[in-house]
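Welcome! Take a look at the model below, and then follow the notes.

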Amino acid sequence: MSEATRTYDTYKAFCGNLKQPWVTRISEAVDWTHQETTRDQVRIEAVLDTMAVTGTSMLHVGVGNSKLAQRFARQARRLDGLTVHQNEKTHADALGIPNYTVYVLNKYSPEFVSVLTKPYDFIIDNNLASFACCKHHFSVMFENYLRALTSHGQILTCQIGMDAYVGAFGWVMTYADLVSLERKFPMHVSKMTDVVYAIAMRQ
């Protein structure tokens with residue numbers, strides 16, 4: 001890891017704006033409507049293929065090209081998605097996939113809890129901190145995710161995604177960073193594969 005690499009330990013505690021976390025203005029970083037599915041999402045989808053997803057509720061954070069919904073929405077009872085780019089929502093709506101609803105919402109925003117009011121068995125987010133403006137809003141996101149899980153629910157993420165960040169915001173996260181958050185949040189982290197991790201509520 002180079003000296004220039006930003007990490008959870010070294011990142012700023014607070015961005016200074018309680019009401020509105022930073023949203024990236026780099027269009028290619030947030031509009032994946034016509035891009036190929038990323039390697040990290042492919043790895044997570046491969047794990048989902050091995051799990052019992054029929055009849056479950058799912059939240060996909062960063063819907064991109066909506067290929068995950070095309071694969072799993074018909075099996076799921078409900079599949080919601082988040083994006084910060086209107087193009088991704090427009091594309092998702094045009095696909096007309098049953099049980100699939102996409103919201104334009106920053107995952108770091110306090111508005112999360114008022115927009116998404118039903119629990120999820122799976123929350124898929126392949127890059128938890130890649131666009132985080134500060135540790136405070138990262139914690140807001142994490143608290144919201146854990147509140148949104150069913151008692152047996154899981155957050156699925158991937159090291160490939162957590163290795164990346166864009167521009168002046170975000171940081172690299174490791175498996176050890178996630179484990180360290182067990183001291184702060186009521187959660188347990190485990191490895192599904194060498195790069196796909198599951199976060200569940202501590203029982």
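Asn99 is partly exposed, because its relative accessible area is 38%; buried means under 20%, exposed over 50% and partly exposed in between, using a 1.4 Å probe and protein chains only. Asn99 sits in the loop between α4 and β3, and its phi is positive, about 70°, although Asn99 is not a glycine. Most residues other than glycine have a negative phi.

This is a predicted model, in which local features need pLDDT of at least 70 and side-chain atom pairs count only at pLDDT 80 or more, while totals for chains, interfaces and linings use all residues. Residues are numbered from 1 along each chain as its sequence is written, and side-chain values use heavy atoms, with hydrogens and water left out.

**Another positive phi**
- Ser66 is not a glycine either, yet has a positive phi of about 65°.
- Its place is in the loop between β1 and α3 (67-72).
- Ser66 counts as buried because its relative accessibility is 1%.

**The sheet**
- Seven strands make up an open sheet with mixed pairing, in the order β3-β2-β1-β4-β5-β7-β6. Strands are DSSP runs of E with at least two residues, helices are runs of H or I with at least four, and both are numbered from the N terminus.
- At the edges are β3 and β6 (187-191), each of which pairs on one side only; two strands pair if DSSP finds at least two bridges between them.
- On average, neighbouring strands of this sheet are turned by 20° against each other, direction ignored. Axes are lines fitted to C-alpha atoms, for helices over the stretch in contact, and angles run from 0 to 180 degrees between N-to-C directions.

- Five bridges join β2 (residues 78-83) to β3 in the parallel sense.
- Leu82 has Tyr103 in β3 as its bridge partner, and Asp80 stands opposite Thr101 in β3.
- Helix α4 (residues 86-95) lies across β2 and β3, and runs at about 165° to β3.
- Together, β2, α4 and β3 make a right-handed β-α-β unit: with the strands pointing away from the viewer, the path from the first strand over the helix to the second runs clockwise.

**Helix α6**
- Ten of the 14 residues of α6 are buried, so this helix is largely enclosed by the rest of the structure.
- Among the buried residues are His137, Phe138, Val140 and Asn144.
- How far apart are the end C-alpha atoms of α6? They are 20 Å apart, which agrees with the 20 Å that its 14 residues should span at 1.5 Å a residue; the expected span is 1.5 Å times one less than the number of residues.

**Ser109**
- Ser109 is in the loop between β3 (100-104) and α5 (112-115), and counts as buried because its relative accessibility is 2%.
- Leaving out residues up to four places away in sequence, Ser109 touches Pro21, Val140 and Asn144, where contact means heavy atoms within 4.5 Å.
- A polar atom of the Ser109 side chain lies 3.0 Å from the backbone nitrogen of Glu111.

**Thr193**
- Thr193 is in the loop between β6 and β7 and counts as partly exposed because its relative accessibility is 31%.
- The side chain of Thr193 reaches the backbone nitrogen of Val196 at 3.0 Å, and one of its polar atoms lies 3.2 Å from the backbone nitrogen of Val195.
- Thr193 and Gln35 are 158 residues apart in sequence and 25 Å apart in space, C-alpha to C-alpha.

Methods:
Polar contact = N/O pair within 3.5 Å; in protein donor to acceptor, adjacent residues only side chain to side chain.
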